[in-house]
Amino acid sequence: MNKWLNHYFQLDKYETTLKRELMSGLIGYFAIVYIIAVNSLILSEAGIPLGAAILATIFISFLGCFIMGFWANMPILLVPGMGVNALFSYTMVQSMGLTWPEALAVVCVSGLIFVLIAFSRFAKTLSESIPQSLKEAITVGLGLFLMLIGLEKGGIVEKGTNSIIALGDLGNPLVIATVLTFLIAIILFLRNVPGNFLITVVIGTIIAWAFGLIDKQNGQGNQVSLKEYLDVFGTLSFESFFSMTFWIAVFSLTMVLVFENVGLVHGHANFIDRPDAYSRGFQATSVSAMLSGIFGTSPTVATVESSASMAAGGRTGITAMTTGFLFLLSIFFIPVIKLIPSSAIAPILIIIGSLMLQNIRNLDLKDMSESFPAFLIIALIPFTYSIADGMAIGFILYPILKIAIGRAKEVSFTLYIIASLFLVNFVFHVVH
């Protein structure tokens, strides 16, 4: 068995071991497992029954990670993405007026378009058309975004009036527990202690318990019904297929899925020095996104938290598959999972985000036509709390600046099209 695993997943080639891959998958699971509760609650805002939303999230996460592991042999975790789930519930359903079965049809159609792009030559053209400065900026922006999420989860910063980020109450037990856990986490990380993130989760949970942050009653009442889920599985409605609203939703979601995942998959591939795996990773991501609509959830994406698995040593698909199987087992442990406090996870997100920030050194700071659009992407991804919006501004500005200084030929024809599509998408949102 070990010989087959080594041959198929090329453990020796990527200088890793089965034990390290399994441990990394476990770390990735703890870093991303919060999505079960969060995504389910957001989907329920669209009208999907909460119990069915929980199972939909678990099943598609299992399948997505499994596809990524076997097809791409990458340690990228595919689970319903934050941002696109909000687009699903609050924009497509509550704002645009689609029913949730119609919104699931939008997910499926958008995913199909994503698949056609990912499995065509256009995927390579798309990747090559994006300047290196913008690719690096996406990675850095995601890192900053991840740090912000970690700081918010730990209560260190919070949204004040008018959504302004402010320093949290430093006397709050949540903040104290997060800071103590962070100190332990960073020391373990810098000393390169094996399984340091897993140890952090365990110690962080104990610290949170000591500060009275863990409610043992939390998670009760989360009994899920398979019958309820079967009423959601495959429930796609194409009643509004020929309406303008349906296709505006398809266009918006496709733009977000394709370009967000271009950045995410590229960033992860570079993070573990495996740029050759980008193509298959992108393909696996597209298939999982398409299947999401059938399984009854908003689309999966190559999550930022995948970096937690990679930082723990994950280099192959075994890592992703391990996380996937743990998601499946989550059905039996939903109350236990919900006991893990945010103060135990936040420090890991902060550390991983800081690692991704290091890519800023790859930017050409002497050429402002390259660096300024990159800086906007870096700033706007966390400030707008939207990966897609942050990317869009940078992609639109880049060709404008090149044209303004007489270097229009440096911009590929594909990038001009991409920038135009982002601009049209903004116009659609304003008009609609």
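Reader: Where is Asn-192 found?

Author: In the loop between α9 (173-190) and α10 (196-210). Helices here are DSSP runs of H or I with at least four residues, strands are E runs with at least two, and both are numbered from the N terminus. This is a predicted model, so local features need pLDDT of at least 70, side-chain atom pairs need 80 or more, and totals for chains, interfaces and linings use all residues. Residues are numbered from 1 along each chain as its sequence is written, and side-chain values use heavy atoms, with hydrogens and water left out.

Reader: Why does Asn-192 count as exposed?

Author: Its relative accessibility is 61%. Exposed means over 50%, buried under 20%, and partly exposed in between (1.4 Å probe, protein chains only). So Asn-192 is exposed.

Reader: What is the phi of Asn-192?

Author: About 55 degrees, a positive value, although Asn-192 is not a glycine. Most residues other than glycine have a negative phi.

Reader: What is the phi of Asn-73, and where is the place of this residue?

Author: Phi of Asn-73 is near 50 degrees, positive in a residue other than glycine. Asn-73 sits in the loop between α4 and β1.

Reader: Is Asn-73 buried or exposed?

Author: Buried, because its relative accessible area is 9%.

Reader: How do you know that Ile-58 is buried?

Author: Its relative accessibility is 0%, so Ile-58 counts as buried. This residue is in helix α4.

Reader: Which residues does Ile-58 touch?

Author: Leaving out residues up to four places away in sequence, Ile-58 touches Ile-36, Phe-327, Leu-328, Ser-330, Ile-331 and Ile-334. A contact here means heavy atoms within 4.5 Å.

Reader: What makes Ser-309 buried?

Author: A relative accessible area of 0%, so Ser-309 is buried. Ser-309 lies in helix α14 (residues 306-311). Its contacts beyond four places in sequence are Ser-24, Gly-28, Pro-75, Leu-77, Gly-314 and Thr-319.

Reader: Why does Gly-263 count as buried?

Author: Its relative accessibility is 5%, so Gly-263 is buried. Gly-263 is in helix α12. From its C-alpha to that of Ser-306, 43 residues apart along the chain, the separation is 13 Å.

Reader: How many aromatic pairs does a search of the whole structure find?

Author: There are 25. One is Phe-66 with Phe-70.

Reader: Why is the pair of Phe-66 and Phe-70 tilted?

Author: Their ring centres are 5.0 Å apart and their planes are at 45 degrees. Rings of Phe, Tyr and Trp (its six-membered ring) pair if their centres lie within 6.5 Å; planes under 30 degrees apart are stacked, over 60 edge-to-face, the rest tilted. So the pair is tilted. Both residues lie in helix α4 (residues 50-72), four residues apart, about one turn of the helix.

Reader: What makes Phe-66 partly exposed?

Author: Its relative accessible area is 29%, so Phe-66 is partly exposed. Phe-70, at 28%, counts as partly exposed too. Both belong to one aromatic cluster, whose members include Trp-4, Tyr-8, Phe-9, Phe-62 and Phe-325.

Reader: How do you know that Arg-274 lies over the face of Tyr-14?

Author: Arg-274 is at 4.0 Å from the ring centre. A charge sits over a ring if NZ of Lys or CZ of Arg is within 6 Å of the ring centre and within 35 degrees of the ring normal. Arg-280 also lies over a ring face, that of Trp-71, at 3.8 Å from the ring centre.
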